[in-house]
Amino acid sequence: MSMAGAEAPSLRCIVAQKDAPRSFCDRGAALRFTDLARGTSFGGGLRALAGRSVLLATASQLASALALIELEGLARRIVILPPDADPAHLPAIISTAGIDAAVIDDGTPSGNALDGLVRLRCLPAIAPMADKLPPRLHTEWVMMTSGTTGVPKMVVHDLATLTAALQVPSPADGADVWGTFYDIRRYGGLQIYLRAVCGRASLVLSSAGEPVADHLARLAAHGVTHLSGTPSQWRRALMTVPAIEAIAPRYVRLSGEIADQAVLDSLRAAFPNASVGHAYASTEAGVAFDVNDGLAGFPIDYVGAVRNGVAMKILDGTLRIRSCGAAKGYVGGEPLLDAAGFVDTGDIVERHGERFYFAGRKGGIINIGGLKVHPEEIEAVINRHPCVRMSLVRGRQNPVTGSIVVADVVLKGEGLAADKSPQQLALKDDILKHCRETLPRHKVPAAISFVPALKVAATGKLVRRQ
Amino acid sequence: MSIKLTIIEQMEQIAREHGKILAPLKEDLVLADCGLDSLGFAVLVARLEDRLGIDPFSAAEEAVFPVTLGDFVKVYEHGRR
């Protein structure tokens, strides 16, 4: 049964249920959200935000986590600003979304973009609330896409679309502890936040600039049971030894990027008692499906039939999704759905046997003398080499074929041999041999560089353009 | 290793990797007949850029079209100076 529907209780009602005391914490503070039943993190000013279009611009994730509960049903629109938003885009965001108020904290950058708005400070602390709140409004939740250039698109959801993929929680014992490597102000992280809020679980959030090892140590100290992140974030966590060895989640979840077989196998080996699942979701299309059989890709019977309120089809090679969890549209009215109500995800899928596999993004193709290559497909092959932790394949300009494929590779373990040593050259040869056995010639990298790390963006995804 | 030897070594290696048979690598060998196809040459230019630090074709202001192996080696020797 889905949580979607007009009668869904407000977040404040959900967290006020006394049967499962939940705590939400970051590096600096831990709060009991049940205290929001008669409390507020806004001092006496909450009513000033009633009916407004509010920019959520706190630096702290924990403050945003509190503010979302308080604003749902009170504000007309919540515009969720991701932590890595470019301040230069703020004026355009404010005018396009009709923003007339902002929730800030001590870490919100000062600047004149927020001048002229009603500004209210949210503290990561809950005090008794004197105000009586006005009747509940329908609130729009606006999220930013993680586009690479220009002003991000603003995607309109509401509580019903955002919780469409959530199952009604089983009678909770309050023992579940969720953690996420995502920021909750991105779609993937917000899903985990809502799972924790609606599932009566606790949630361990990361703090800005916190090293992965410190975050993992806190997750271990809180006894994390459910942990979520992108494949890139998981690969980085697996490299964070020994901190990764201290956690023992029951459920490991990947989404946001292609989960290849190598990362699924690594997680199964690292957490033999956990169930490892990967999910497909996007800010526009919502959560489309989960795959829990430990294999990359998804079964072909997911396409065609309607499953859990989600229909999928493949048109011109890309996955299209129609779902009650899909966004309502973009702020500004640009259409999101095609005539049949489907969102084009831009993710290219290919069928091999009884499964579909993600091949890459429509815009991410490298053209090698007229032959099209998806970098993700080559990365999946390189990542299967036993010495490789993660890799990035990119096009390098070439006078003969326009582009040629090269790869940056991060090895497992420490002690990378000296540059151009015989061991290094032998390992490069071995990785290339492994590629030649699996891939056609034009997809085999012309060169491999060993690098200590790859850049992972605040969205949790590998940075593909420099 | 000289530039010429580096080029010949890489050509032989790429031919092995791509399953191609090279013609005898003499100065006056016409490149179009050497046995590498355009992808082979693309890989060669990329590998030489890593080893010699230059891509004389992309760096040149005017288009360079070496015809023989000797011309090709000269482009790299010239690019190095």
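Of the 466 residues of chain A in this predicted model, 45% count as buried, a residue being buried if 20 or more other C-beta atoms, placed from the backbone, lie within 10 Å of its own, exposed if 12 or fewer do, and partly exposed in between. Because the model is predicted, local features need pLDDT of at least 70 and side-chain atom pairs count only at pLDDT 80 or more, whereas totals for chains, interfaces and linings use all residues. Residues are numbered from 1 along each chain as its sequence is written, and chains are lettered from A and ligands numbered from 1 in the order in which they are written.

Chain A comprises 10 helices and 28 strands, defined as DSSP runs numbered from the N terminus (helices, H or I, at least four residues; strands, E, at least two). The radius of gyration of chain A, at 23 Å, is close to the 23 Å that the globule rule gives for 466 residues, so chain A is as compact as a globular protein of that length; the radius is taken over C-alpha atoms, and the rule is 2.2 Å times the number of residues to the power 0.38. The C-alpha trace of chain A spans about 70 × 50 × 45 Å along its principal axes.

Within chain A, A:A237 lies in helix 7 (residues 231-238) and is buried, with 22 other C-beta atoms within 10 Å. Neighbours within four places in sequence aside, A:A237 is in contact with A:F181, A:V212, A:L216, A:G229 and A:I244, contact meaning that the C-beta atoms of two residues, placed from the backbone, lie within 7 Å.

Between the chains, 14 residues of chain A are in contact with 14 residues of chain B. On the chain A side, strand 26 (388-398) and strand 27 (402-411) are the elements that give two or more residues, and strand 26 gives the most, with three residues.

In chain B, the axes of helix 1 (residues 3-18) and helix 2 (residues 38-52) come within 10 Å and cross at roughly 135 degrees. Axes are lines fitted to C-alpha atoms, for helices over the stretch in contact, with angles running from 0 to 180 degrees between N-to-C directions. Helix 1 of chain B is therefore oblique to helix 2 of chain B, given that angles under 35 degrees count as roughly parallel, over 145 as roughly antiparallel, 65 to 115 as roughly perpendicular and the rest as oblique. Residues of helix 1 of chain B, including B:I7 and B:M11, meet residues of helix 2 of chain B, among them B:L44 and B:L48.
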